[in-house]
Amino acid sequence: MSAVPVRIPPGTGLLLLLALPALVPLVSIVTALATPDQDVWQHLFEHVLPRVTVNTITLGLGVALLSAFLGTGLAWLTAMCEFPGRRFFDWALLLPLAIPGYVLAFVAVGFLDYAGPLQTTLRNVFGTSAFVPPIRSWGGVTVVLSLTLYPYVYLLARSAFLTQGRRALEAAQTMGLDRWRGAWHVALPLARPWIAAGMALVTMETLADFGTVSVFNYDTFTTAIYRAWFGLFSAQAALELAGVLMLFVIAALALERYSRGRARFHGSTRADAQANRIELGSSQRWLAAAGAAMVFAFAFALPMLQLVQWTARHAIADFDGRYVGFVLRSIALAASAAAVILAASIALAYVDRTQQPTGLRRWLIRIATTGYAIPGTVLAVGLLVPVIVLNNQLQALLERVLGTKAPLLMLHGTLFMVLIAYIARFLAVGFNPIESGLQRVTRSIDEAAMNLGVTGRTLVRRIHLPLLRTGMATAAALVFVDVMKEMPITLLTRPFGWDTLAIRVFEMTSEGQWERASLPALAIVLVGLIPTALLIRRGSDVA
């Protein structure tokens, strides 16, 4: 009796193909945790896990709390209060999103370290700089990461406060509460789901960070995974460390899902909030302006000025033919990834729209877009290990068949591998704007076009694509910029010698050459202003 072939519907097959880049590393990590190497675990427990676990947990908590304090306070001021410069700070406080954490990190270390200009000047003037707190510490890396990540909390909390308007405070006053007690007991609890969601996003970004902690020589799971891979040359140790890190990521992701599920909008409009802003007293107005200005200065303005100064000092000497290669390779990788991920996002969104929804398809879509929550080091190692195993098995098979004439396979360390890792990491970035755009193409629009004889590919080309133009441009821009500043995936998966601007920054900062890292860093920051401008525009339209 012949076996009946299993037929997979085309839509499900495509979803499975798009989910594989994120599914493979997850399976690799689960397999490594299910079959632990006792010698590896003993080494990790004795020399690695206690230190990096404590460092990672304390760093995550510190950054989440400080980001929540900065983001919530600034969101309250710009959304609910009137003070000098409010209109400027309303959007300018989002600009730190354009600066990758590792860029702000080496600017801070280069300026504030013992050999930096600040402490050198203090020693020349006062004879000592011992009273300056050490920048290479838990406090230093916590402050730097918080200054780059607080906009996540700021953006969500600001939206929450704008939807409440002043009516929430007026309701609190009817219960006998003054303005500040009303803010604490009414407005803040109403905004808690948004604040908690922002803190969860900040925590996930902190867990995924590699470049910032590398600059500070602050050991976390991401740096331990990198050292296990390149220092110990132990794939098993890297995978098992990645598995432990994923437990922390899952906890943060669960918190984010829980917070978003509880979020509810409360009846007010942006016009209400604008018309009923709280008029602060004379001293309070200037204190609010000074606080916002201080955060903006330390998070964006001063680092940018320092980058420009260092670049002007070293650009002529450093800029040579190598930088042309850095720029061209960075643009080529970013453009290729944007094109591939845009095509994959459109395919994923159309399968989700046109195919009959089933539990399997929903899970495949969720898996395909989960990669953005997985740290880049985890994705890279989880993809590389099975690909290397497959490469070795295919190489052995070729040698048995062809003998000495067998070609040398190199599936890993190729641009194809880099793009697969980018798909796993950034498919959600491209998918979300496309999905949002398709939701605006209602069934009634399709039915009206069909009544006019427009169907099939013509419907997509003449109706859907023009309506999706904004979403496609947003998706491509976001992916392009994310790939431009992505460090750990590029560092671990790139072909030999295929250095980008982000890799150049890593190499220079690893050698302590902060000023020479400014030129590629400034280029990355300028490109990073693109998605920040999109967020500012969206925030002004939506809020």
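The count of salt bridges comes to 7, a salt bridge being a side-chain nitrogen of Lys or Arg within 4 Å of a carboxyl oxygen of Asp or Glu. The model is predicted, so local features need pLDDT of at least 70 and side-chain atom pairs count only at pLDDT 80 or more, while totals for chains, interfaces and linings use all residues. Residues are numbered from 1 along each chain as its sequence is written, and side-chain values use heavy atoms, with hydrogens and water left out.

Side chains of opposite charge can pair when their charged atoms come close. One of the pairs is Glu82 with Arg86, whose closest N and O atoms are 3.3 Å apart. For accessibility, buried means under 20% relative accessible area, exposed over 50%, and partly exposed in between, with a 1.4 Å probe and protein chains only. Glu82 is partly exposed because its relative accessibility is 24%, whereas Arg86, at 6%, counts as buried. Another salt bridge links Asp499 and Arg494 at 3.1 Å, N to O; Asp499 is buried, with a relative accessible area of 13%. In the salt bridge between Asp219 and Arg227, the closest N and O atoms are 2.4 Å apart. Asp219 is buried at 15% relative accessible area, and Arg227 is partly exposed at 42%. Salt bridges that share partners join Arg51, Asp219 and Arg227 into one network.

Asn217 sits in the loop between α10 (211–215) and α11 (221–230); helices (H or I, at least four residues) and strands (E, at least two) are DSSP runs, numbered from the N terminus. Most residues other than glycine have a negative phi. Asn217 is not a glycine, yet has a positive phi of about 55°. Its relative accessible area is 56%, so Asn217 is exposed.

How far can the model be trusted? The predictor's confidence in each residue is given as pLDDT, from 0 to 100. The protein chain averages 83, and 88% of the residues score at least 70. Confidence is highest in helix α3 (residues 49–80), at a mean of 93, and lowest in helix α13 (residues 270–275), at 48. Over residues 263–273 pLDDT stays under 50, and the model has 25 contacts beyond four places in sequence for them, contact meaning heavy atoms within 4.5 Å.

In soluble globular proteins, nonpolar side chains tend to be buried together. A nonpolar core is a set of buried Ala, Val, Leu, Ile, Met, Phe, Trp, Tyr and Cys residues joined through side-chain atoms within 4.5 Å. The largest one has 153 residues, and Phe106, Leu241, Leu307 and Tyr422 touch the most other members. Helix α15 (residues 321–354) gives the largest share of this core, 14 residues. Not counting residues up to four places away in sequence, Leu241 touches Leu44, Val48, Leu49, Phe221, Ala224, Ile225 and Ala228.

Val505, in helix α22 (residues 501–510), is buried because its relative accessible area is 1%. Beyond four places in sequence, Val505 touches residues including Tyr102, Phe106 and Ile524. The C-alpha atoms of Val505 and Val103 are separated by 8.1 Å, although these residues are 402 apart along the chain.
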